[in-house]
Amino acid sequence: MLFLLVFFMMMTLHMIPASGIASRLPASTSAERLERPQLVIALAADGTITVDGEPMGLEQLTTRLLADPEARVLIAGADTAALGDLIAVMDTCRHAGITQIGLATREPSA
């Protein structure tokens with residue numbers, strides 16, 4: 001099970017640079033493996049939201065999410081991202097009908 005968790009986190013880390021956002025995810029010692037997300041939302045430290053390499057605002061994100069309210073979403077936020085920005089993205093997901101929301105983390109360094 002630990003192997004699957006590590007595999008999932010490594011795959012998530014490889015997805016973020018592919019979208020053009022370099023990010024340092026926050027660490028977690030209690031993270032669990034989630035089902036593969038259908039949509040990865042990257043939240044930069046400055047509050048910039050990126051989906052599939054395309055920067056967008058909350059209104060554009062809402063439109064994108066409304067197209068598939070059954071989608072599984074993973075929010076990959078920088079460890080210095082503001083809590084308010086994270087809550088705004090999560091609220092946008094919930095208002096669009098998304099109920100499966102995960103937060104990307106990395107394993108803490110020793």
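Biologist: Let's take Thr92, then: buried or exposed?

Modeller: This is a predicted model, so keep in mind that the values are computed from it. Buried means under 20% relative accessible area. Thr92 has 8% relative accessibility, so it counts as buried.

Biologist: Where is Thr92 found, and which residues is Thr92 in contact with once its neighbours within four places in sequence are left aside?

Modeller: Thr92 is part of helix H3. With those sequence neighbours set aside, the contacts of Thr92 are Leu58, Leu61, Thr62 and Leu65.

Biologist: OK, now the nonpolar side. Which residues have the most contacts inside the largest nonpolar core?

Modeller: General idea: nonpolar side chains tend to be buried together in soluble globular proteins. Here, the largest nonpolar core holds 16 residues, and those with the most contacts inside it are Ile41, Ile49, Leu61, Leu65, Val73, Val89 and Cys93. Two or more residues of this core come from each of strand E1 (39-43), strand E2 (49-51), helix H2 (58-66), strand E4 (72-77) and helix H3 (83-95).

Biologist: And in what order do the elements of the protein chain run from the N terminus?

Modeller: They go α-β-β-β-α-β-α-β, with three helices and five strands in the protein chain.

Biologist: What about the chain as a whole: how much of it do buried residues make up?

Modeller: Buried residues are 35% of the 110 in the protein chain. As for the accessible surface, the chain has about 6600 Å², and 58% of that belongs to carbon and sulfur atoms.

Definitions and conventions. Residues numbered from 1 in each chain as written. Predicted model: local features only at pLDDT ≥ 70, side-chain atom pairs only at ≥ 80, totals over all residues. Heavy atoms only, no water. Core = buried A, V, L, I, M, F, W, Y, C linked by side-chain atoms within 4.5 Å. Buried < 20%, exposed > 50% of the residue type's maximum accessible area, 1.4 Å probe, protein only. Helix = DSSP H or I, 4+ residues; strand = E, 2+ residues; numbered from the N terminus. Areas by Shrake-Rupley, 256 points an atom, 1.4 Å probe, with all protein chains shown as cover. Contact = heavy atoms within 4.5 Å.
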